[in-house]
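Welcome! Here is a short briefing to read alongside the structure, with the main points grouped by topic.

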Number of protein chains: 2
Amino acid sequence: MSTLPAPLEELISELGRLPGIGPKSAQRIALALVLRGPEVSMRLAGAIARAVENVRRCERCGQLADAELCPVCQDPQRDASVVLVVEGDRDVWAFERARGFRGTYHVLGGSISPMDGVGPEQLAIGALLRRLEREPIEEVIIATSPTVEGETTATYLARVLEGRVRLSRLATGVPVGGDLEYVDEVTLARAVEGRHELRPGRPHGH
Amino acid sequence: MSTLPAPLEELISELGRLPGIGPKSAQRIALALVLRGPEVSMRLAGAIARAVENVRRCERCGQLADAELCPVCQDPQRDASVVLVVEGDRDVWAFERARGFRGTYHVLGGSISPMDGVGPEQLAIGALLRRLEREPIEEVIIATSPTVEGETTATYLARVLEGRVRLSRLATGVPVGGDLEYVDEVTLARAVEGRHELRPGRPHGH
């Protein structure tokens with residue numbers, strides 16, 4: 001609509017670039033931003049700026065952090081001998097919400113997907129191997145999503161890590177074909193509890 | 001989650017205040033803002049700031065504007081003799097999208113709702129009466145919503161404006177493209193009441 005004030009048109013267009021925000025939502029949000037108190041809206045603008053400037057990757061586990069180490073890696077209460085390997089940041093958030101896991105994480109930054117041109121070398125697998133050399137890690141829990149790409153990644157990791165550390169895979173409490181971040185918290189917590197050891201020659205431990 | 005970096009936590013919380021954005025959406029959007037290029041995200045922060053600073057109300061019709069007058073009131077092509085009276089900004093946007101109206105608007109800023117403590121004096125009705133005195137307005141189309149509050153407001157306006165100007169109300173009837181069986185009974189009854197004669201050679205009665 002060319003009859004909207006230009007700054008509003010610009011705001012609606014920028015909001016429309018966000019994931020899950022359609023044109024109608026963008027309009028509704030833009031209107032709310034303009035109509036509510038300027039302090040509230042400027043708080044959002046400031047929060048975006050601060051997050052963009054200060055959020056980076058944890059130098060140890062690769063998850064989002066606002067310092068050299070993420071809050072989990074900084075926490076001395078977390079069990080450094082167990083590392084849960086996930087594909088992405090939102091998987092970490094899902095486990096943290098579930099509160100069933102007290103170890104540390106390792107974020108791969110994706111999963112092996114030949115279709116999308118993602119091979120093992122694009123993932124933080126080298127960093128994981130270096131952690132195994134330096135840190136007193138006793139167990140690695142492979143918590144990639146139960147999707148084709150996630151299972152491929154799990155199999156690859158199992159092969160690479162075999163013999164170096166005790167390996168386990170999330171229990172089959174996780175519904176097959178689902179995205180980890182949409183799994184309910186009880187199921188996630190149970191899946192950590194019921195994890196099973198990966199044995200050589202039986203890549204999925206079944 | 002206390003294990004998220006503070007700037008990210010802040011961003012998620014601010015995003016969660018926006019209409020229609022739940023906790024999961026707020027997380028997904030925050031992650032996108034942090035992960036995509038900083039220029040793109042800062043463009044959104046800038047757009048919010050510019051909209052909040054520059055968007056105000058049109059001094060004539062009360063809709064959002066970035067100058068004394070809104071783009072519609074500034075446009076000499078719009079017919080100043082017809083004023084369409086609506087409750088809010090998004091009603092204006094809906095008519096502009098529909099492109100069926102070439103007159104000007106008047107935004108009431110709500111509807112009469114004794115339940116919510118909104119009386120006529122809270123709405124821009126006085127401003128409308130002043131416009132009738134100053135401007136060459138020939139017709140006022142009352143386009144409040146077909147809700148209880150909207151109808152109450154329409155009835156009030158009709159009483160106040162009676163005798164001062166030609167008054168009309170939006171047609172009520174069956175929405176175009178809708179399935180008859182899903183149309184509510186009141187709308188159906190009104191559509192029968194307001195039926196128009198079909199004339200030979202003018203198949204849709206136009």
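## A buried arginine to start with

Arg169(A) counts as buried, because its relative accessibility is 7%, under the 20% cut-off. This is a predicted model, and the points below begin with that arginine, then turn to the interface, the cores and some further salt bridges.

**Around Arg169(A)**

- You will find Arg169(A) in strand E6 of chain A, which covers residues 166-169.
- Its side chain comes to 3.0 Å from the backbone oxygen of Ile142(A).
- The side chain of Arg169(A) also reaches the backbone oxygen of Thr144(A), at 3.2 Å.
- A salt bridge joins the side chains of Arg169(A) and Glu151(A), with an N to O distance of 3.3 Å.
- Arg169(A) sits in strand E6 of chain A and Glu151(A) in helix H7 (residues 148-161) of chain A, so this pair ties together parts that are 18 residues apart in sequence.

**Where chain A meets chain B**

- The contact draws on 57 residues from chain A and 55 residues from chain B.
- Between them, chain A and chain B bury about 5,300 Å², and 72% of that is on carbon and sulfur atoms.
- Thr3(A), Ile48(A) and Trp93(A) supply 12% of the area that chain A buries against chain B, more than any other three residues.
- Four salt bridges are found across the interface of chain A and chain B, and eight residue pairs there are in polar contact.
- Several elements of chain A each supply at least two residues to the side that touches chain B, including helix H1 (6-15), helix H2 (23-35), strand E2 (64-65) and helix H5 (89-98).
- H3(A) gives the most to that side of chain A, with 14 residues.
- By type, the residues on the side of chain A that touches chain B divide into 35 nonpolar, six polar and 16 charged.

**Individual residues in contact with the other chain**

- Arg50(B) forms a salt bridge with Glu10(A), and their closest N and O atoms are 2.5 Å apart.
- Glu14(A), Arg17(A) and Arg43(B) are linked in a network of salt bridges.
- Glu14(B) belongs to helix H1 (residues 6-15) of chain B, and it is buried, with a relative accessible area of 4%.
- Setting aside neighbours within four places in sequence, Glu14(B) is in contact with Val40(A), Arg43(A), Leu44(A) and Ala47(A).
- Ala45(B) lies in helix H3 (residues 38-54) of chain B, and at 5% relative accessibility it counts as buried.
- Not counting residues up to four places away in sequence, Ala45(B) touches Ala45(A) and Ile48(A).

**The nonpolar cores**

- In soluble globular proteins, nonpolar side chains tend to be buried together.
- The largest nonpolar core here has 83 residues, and those with the most contacts inside it are Leu11(A), Phe95(A) and Leu11(B).
- Apart from that core lies another, of 19 residues, among them Val83(A), Val85(A), Leu132(A) and Val140(A).
- What does Phe95(A) touch, not counting residues up to four places away in sequence? Its contacts include Leu84(A), Val86(A), Tyr105(A), Ala143(A), Leu170(A) and Leu188(A).

**Salt bridges within chain B**

- Over all chains, the count comes to 18 salt bridges.
- The side chains of Arg57(B) and Asp89(B) meet in one of them, at 2.8 Å from N to O.
- This pair links distant parts of the chain, with Arg57(B) in strand E1 (residues 56-57) of chain B and Asp89(B) in helix H5 (residues 89-98) of chain B, 32 residues apart.
- Is Asp89(B) buried or exposed? Asp89(B) is buried, with a relative accessible area of 6%, whereas Arg57(B) is partly exposed, at 36%.
- Arg166(B) and Glu139(B) also meet through their side chains in a salt bridge, at 3.5 Å from N to O.
- Here strand E6 (residues 166-169) of chain B holds Arg166(B) and strand E5 (residues 139-142) of chain B holds Glu139(B), 27 residues apart.
- Arg166(B) is exposed, with a relative accessible area of 52%, while Glu139(B) counts as buried at 15% relative accessibility.

Key. Residues are numbered from 1 along each chain as its sequence is written. Chains are lettered from A and ligands numbered from 1 in the order in which they are written. This is a predicted model: local features need pLDDT of at least 70, side-chain atom pairs count only at pLDDT 80 or more; totals for chains, interfaces and linings use all residues. Side-chain values use heavy atoms; hydrogens and water are left out. Contact means heavy atoms within 4.5 Å. Buried area is the accessible area (1.4 Å probe) that two parts lose on being put together, summed over both. A polar contact is a pair of N or O atoms within 3.5 Å; within protein, one must be able to donate a hydrogen and the other to accept it, and residues adjacent in sequence count only if both atoms are side-chain atoms. Helices (H or I, at least four residues) and strands (E, at least two) are DSSP runs, numbered from the N terminus. Ala, Val, Leu, Ile, Met, Phe, Trp, Tyr, Cys and Pro count as nonpolar, Asp, Glu, Lys and Arg as charged, and the others, Gly among them, as polar. A nonpolar core is a set of buried Ala, Val, Leu, Ile, Met, Phe, Trp, Tyr and Cys residues joined through side-chain atoms within 4.5 Å. Buried means under 20% relative accessible area, exposed over 50%, partly exposed in between (1.4 Å probe, protein chains only).
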